[in-house]
Amino acid sequence: MSIPDQAAEQDRVIIFDTTLRDGEQCPGATLNVEEKLIIARQLAKLGVDVIEAGFAIASPGDFEAVQKIAEAVGTVDGPIVCSLARAIKADIKAAAEAVKPAAKGRIHTFISTSDIHLEYQLRKSRSEVLAIAEEMVSYAKSFCDDVEFSPMDATRSDPDYLYSVLEAAIRAGATTLNIPDTVGYSTPEEFGALIRGIKQNVRGIDKAIISVHGHNDLGLAVANFLEAVKNGARQLECAINGIGERAGNTALEEVVMALHVRRQYFNPFLGRAVDSEVPLTKIDTIQIHKTSRLVSQFTGMLVQANKAIVGANAFAHESGIHQDGILKNKLTYEIMDAQSIGLTDNLIVLGKHSGRHAFGARLNELGFELSEQELNKAFVRFKELADKKKDISDWDLEAIVNDEIRKVTKAFQLEQVQVSCGDRSVPTATVTILTPEGKEITDAAVGTGPVDAVYKAINRLIDVPNQLIEFSVQSVTAGIDALGEVTIRLKHERGIFSGHAANTDIIVASATAYIDALNKLHHALVSTQKLEKV
């Protein structure tokens with residue numbers, strides 16, 4: 001397996017995406033193998049250099065996901081596919097086996113180096129951890145040429161001890177040294193100084209790429225990364241929409257667009273001419289919006305309206321002064337073009353009489369690559385929508401396609417939902433569901449509102465105790481005939497499960513989203529039962 005050319009990578013920034021590993025660790029963002037594959041393919045289109053596909057030793061499902069992603073997108077021209085591993089032989093061996101199908105595989109191993117972690121978590125001395133780090137990097141190197149090492153909680157570690165651990169990792173063959181701000185504790189000036197200190201004091205540092213990993217507990221993750229780049233970091237570990245543990249990871253879209261919009265400022269730090277127009281990363285920024293939407297829908301983690309770059313209001317202007325300026329020249333109040341991240345207000349010239357070929361051609365233009373089966377399913381949904389909606393936007397297409405291709409676990413299927421409600425009547429719902437055995441079952445229930453009645457009827461049909469902890473409805477486009485997207489999250493002792501659906505009928509979307517979440521819960525329960533039998 002090939003490794004990055006350190007010299008060749010010093011004049012650009014490598015983007016390491018951890019959406020499928022650290023991003024998935026946030027509560028309720030659990031993804032199944034098929035969903036991870038879809039996201040991985042989109043990340044490859046986005047142009048990320050490295051996909052951290054998972055933690056292979058964590059579960060059979062994680063191992064399978066890493067392996068399948070390595071097979072699907074780990075081509076010669078594709079991204080490096082990486083698996084995380086603790087500094088333990090079993091972890092490293094599993095990671096090596098999982099990434100083996102990739103043309104460019106990487107093992108990312110880690111161990112804590114802060115005194116607080118050594119004392120309370122590892123219960124080991126500094127000398128013991130130093131020896132383990134060197135031994136386990138060497139062990140990883142016996143499987144894979146491309147090895148990344150992370151000293152966890154680096155920003156709270158003693159600098160001199162950190163330098164010695166990094167030197168040991170280099171001696172053992174680490175090609176990337178990742179410096180994690182594991183608890184989001186650092187400030188930009190401190191983080192920049194840490195990276196600068198590593199470059200100045202770690203022997204052999206020229207043999208490895210310096211990487212950074214950060215969390216947003218104090219809202220400083222992006223600022224920390226930009227300061228790290230100025231001081232010599234050349235790989236940034238981020239997640240789409242900033243999802244991840246606690247307050248999340250550094251948001252990929254924010255740090256990439258900061259480097260893109262302000263590249264004249266950052267050019268000199270990478271040894272380039274100030275006025276160079278060559279992008280600082282290999283990211284295809286036009287794919288950012290689509291990737292953000294896909295991850296949000298699959299994980300059930302909604303993007304706040306005022307979120308930088310990908311929020312609904314990121315390119316919206318309500319102030320009269322701002323609107324006047326924008327009409328005269330966009331540069332008055334916009335520092336980037338909405339089209340640069342893939343946003344478009346274009347309406348497609350398709351309607352209920354449009355054919356499958358024209359529909360497929362438009363999807364290709366939007367960047368979707370569907371199988372025949374997925375295209376057929378999406379076309380049926382398009383026809384249904386065209387009968388209800390006069391003007392169909394690219395956003396509508398994106399919603400129905402993502403809604404169809406994401407339905408990968410269909411133990412239960414919604415066959416029919418009918419509600420009766422009003423200000424002088426009791427909300428009543430009748431629901432018909434197709435079971436995994438192919439049997440149609442029907443029940444009815446009353447509730448405080450139509451959605452409540454629907455959910456109670458579904459719960460009577462699918463007897464799996466759970467707690468609804470989040471229900472959100474968003475409009476895809478403007479207008480009374482807009483598609484409504486419903487996202488829900490269920491809590492169960494097995495974890496938190498999200499569901500998502502889009503429809504012009506909010507009641508139908510609500511029912512479908514609930515079934516989507518219950519299917520994920522059902523799949524988790526069945527998988528657990530199979531493992532217990534084994």
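Arg246 is partly exposed, with a relative accessible area of 47%; the classes used here are buried (under 20% relative accessible area), exposed (over 50%) and partly exposed (in between), with a 1.4 Å probe and protein chains only. This is a predicted model, in which local features need pLDDT of at least 70 and side-chain atom pairs count only at pLDDT 80 or more, whereas totals for chains, interfaces and linings use all residues. Residues are numbered from 1 along each chain as its sequence is written, and side-chain values use heavy atoms, with hydrogens and water left out.

## Salt bridges

Arg246 forms a salt bridge with Asp217, the closest N and O atoms being 2.7 Å apart. A salt bridge is defined as a side-chain nitrogen of Lys or Arg within 4 Å of a carboxyl oxygen of Asp or Glu. Asp217 lies in the loop between β7 and α8 (221–230) and Arg246 in the loop between β8 (235–238) and α9 (252–261), so the pair ties together parts that are 29 residues apart in sequence. Helices (H or I, at least four residues) and strands (E, at least two) are DSSP runs, numbered from the N terminus. Asp217 is partly exposed, at 31% relative accessible area.

By this rule the count comes to 26 salt bridges. Three of them are tabulated here.

| Pair | N to O distance |
|---|---|
| Arg106 and Glu148 | 2.8 Å |
| Asp217 and Arg246 | 2.7 Å |
| Glu372 and Arg356 | 2.6 Å |

In the side-chain salt bridge between Arg106 and Glu148, Arg106 belongs to strand β4 and Glu148 to strand β5, so the contact ties together parts that are 42 residues apart in sequence. Both Arg106 and Glu148 are buried.

The side chains of Glu372 and Arg356 also meet in a salt bridge. Glu372 lies in helix α14 (residues 372–388) and Arg356 in helix α13, so this pair ties together parts that are 16 residues apart in sequence. Glu372 counts as exposed at 54% relative accessibility, while Arg356 is partly exposed at 30%.

## The barrel

Eight strands close into a barrel in the order β1-β2-β3-β4-β5-β6-β7-β8, with parallel pairing. The twist averages 25° from one strand to the next; axes are lines fitted to C-alpha atoms, for helices over the stretch in contact, and angles run from 0 to 180 degrees between N-to-C directions. Two strands pair if DSSP finds at least two bridges between them.

Strand β4 (residues 105–112) has eight of its eight residues buried, so it is largely enclosed by the rest of the structure. Both of its faces are covered: Gly105, Ile107, Thr109 and Ile111 are buried on one side, and Arg106, His108, Phe110 and Ser112 on the other. Strand β3 (residues 80–86) runs parallel to β4 and is joined to it by six bridges, with Ser83 standing opposite Ile107. The chain passes from β3 through helix α3 (residues 89–99) to β4 in a right-handed β-α-β crossover; right-handed means that, with the strands pointing away from the viewer, the path from the first strand over the helix to the second runs clockwise.

Six bridges also join β4 to strand β5 (residues 147–152), again in parallel, and Phe110 stands opposite Ser150 in β5. The bridge partner of Pro180 in β7 is His213.

## Loop residues and a surface patch

Arg123 has a positive phi of about 55° although it is not a glycine. Arg123 is placed in the loop between α4 (115–122) and α5 (126–141) and counts as exposed at 66% relative accessibility. Ile309, likewise not a glycine, has a positive phi of about 75°. Ile309 lies in the loop between α11 (288–299) and α12 and is buried, at 9% relative accessibility.

On the surface, Leu468, Phe471, Val473 and Ile506 form a nonpolar patch with about 300 Å² of accessible area together. Patches are made of residues with over 30% relative accessible area and no salt bridge, like charges being joined within 9 Å and nonpolar side chains (Val, Leu, Ile, Met, Phe, Trp, Tyr) within 5 Å; accessible areas come from the Shrake-Rupley method with a 1.4 Å probe, and for residues only the protein chains shown count as cover. Strand β12 (residues 467–475) gives the most to the patch, with three residues. Val473 lies in β12 and counts as partly exposed at 41% relative accessibility.
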